Amino acid sequence: MMRVFALLATFLLLAGCSADSGTWGWYVIDPRTTGGMNNIKFLLNGFGATILLSIIAAVMSMVIGLMVALPGMSTNRWIRLPSRIYIEFVRAIPLLPMLFWVFYGLPVVLKSMGINVSIDAFWGAIITLAISDSAFTAEIYRSGIQSISKGQTEAAKTVGLNYRHTMRYVILPQAIKRILPPLANQFIYIVKMSAFASVIGMQELTRRANELVVTEYRPLEIYTLLIFEYLVLVLIISFFVRWLERKMGSDESR
């Protein structure tokens with residue numbers, strides 16, 4: 001963890017040391033100057049919105065994904081079919097067009113149904129990310145659950161457990177250890193894709209960088225710091241995921 005902060009500190013120090021260069025404009029993020037420090041603070045204030053947006057979208061995605069995955073493993077074709085249609089349909093839609101449809105189009109659809117609800121940028125981004133990621137999460141659940149031996153299900157039936165209890169007490173506790181790493185990858189994907197929320201006015205990391213570029217006219221330096229911000233955020237997430245994997249025993253190296 002300390003290495004992550006050391007990396008960011010080193011970057012800011014090097015930027016400050018080269019701030020006087022005539023070629024580069026690192027002065028815009030030079031922590032030694034008042035203007036540079038204010039710009040850094042402005043950019044860093046986008047962390048909160050990005051993290052909150054990503055966490056809520058990830059939780060919703062995991063819930064929706066599980067609700068889609070379980071019917072998708074039914075032996076009944078008509079129960080399984082809607083799940084497959086949902087997964088294939090959602091996976092085929094690019095994130096940006098879906099974001100525009102949810103933010104601009106969904107309120108119109110709801111209004112035509114007599115539901116007068118406005119969707120702001122924050123919830124528009126959350127809904128879009130949750131729906132888009134849920135199709136991939138459903139497939140992760142499906143592959144993890146199906147990797148559990150069928151003998152486990154048969155053993156549960158012999159002791160009188162129904163399907164719901166079998167999933168809750170037998171299959172899912174074992175499957176979660178196997179699906180944790182890919183779920184973590186999907187969370188990192190959500191964090192990175194949250195940058196698209198900037199196009200509808202969400203004040204997250206990328207939006208703040210775009211606004212700063214408009215005022216400072218130094219895209220190279222500002223976007224370089226933005227990349228380091230995402231790098232630090234992803235490294236922190238990876239650190240906690242590795243720790244959680246070790247605690248749950250899903251780390252194959254142990």
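Good morning. I begin with Ser194, which counts as buried because its relative accessibility is 0%; buried means under 20% relative accessible area, exposed means over 50%, and partly exposed lies in between, with a 1.4 Å probe and protein chains only. The model is a predicted one, in which local features need pLDDT of at least 70 and side-chain atom pairs count only at pLDDT 80 or more, while totals for chains, interfaces and linings use all residues. Residues are numbered from 1 along each chain as its sequence is written, and side-chain values use heavy atoms, with hydrogens and water left out.

Ser194 sits in the loop between H8 and H9. Setting aside residues up to four places away in sequence, Ser194 touches Thr50, Leu53, Ser54, Leu129, Glu204 and Tyr230, where contact means heavy atoms within 4.5 Å.

Let me place this in the whole chain. The protein has ten helices and zero strands; helices (H or I, at least four residues) and strands (E, at least two) are DSSP runs, numbered from the N terminus. Of its 254 residues, 42% count as buried. Among contacts between residues at least 6 apart in sequence, 71% join residues at least 24 apart.

Gln203 belongs to the loop between helix H8 (163-193) and helix H9 (205-216). Which residues does Gln203 touch, not counting residues up to four places away in sequence? They are Gly46, Ala49, Arg208 and Glu211. The C-alpha atoms of Gln203 and Gly46 are separated by 6.4 Å, although the two residues are 157 residues apart along the chain. The side chains of Gln203 and Glu211 are joined by a polar contact of 2.6 Å. A polar contact is a pair of N or O atoms within 3.5 Å; within protein, one must be able to donate a hydrogen and the other to accept it, and residues adjacent in sequence count only if both atoms are side-chain atoms.

I turn to a helix pair. Two packed helices are described by the angle between their axes and the distance between the axes. The axes of helix H3 (residues 46-72) and helix H4 (residues 77-92) come within 7 Å and cross at roughly 135°. Therefore H3 is oblique to H4. Axes here are lines fitted to C-alpha atoms, for helices over the stretch in contact, and angles run from 0 to 180 degrees between N-to-C directions; under 35 degrees counts as roughly parallel, over 145 as roughly antiparallel, 65 to 115 as roughly perpendicular, and the rest as oblique. On the H3 side, Ile64, Val68, Pro71 and Gly72 meet Ile79, Arg80, Ser83, Tyr86 and Ile87 in H4. These residues divide into six nonpolar, two polar and one charged (Ala, Val, Leu, Ile, Met, Phe, Trp, Tyr, Cys and Pro count as nonpolar, Asp, Glu, Lys and Arg as charged, and the others, Gly among them, as polar).

Three further residues complete the account. Asn39, in helix H2 (residues 34-44), is buried at 9% relative accessibility. Leaving aside neighbours within four places in sequence, Asn39 is in contact with Val28, Leu212 and Glu216. Leu225 lies in helix H10 and is buried at 2% relative accessibility.

Finally, Tyr217 lies in the loop between H9 and helix H10 (219-248) and is exposed, with a relative accessible area of 64%. Most residues other than glycine have a negative phi. Phi of Tyr217, by contrast, is near 60°, a positive value in a residue other than glycine.
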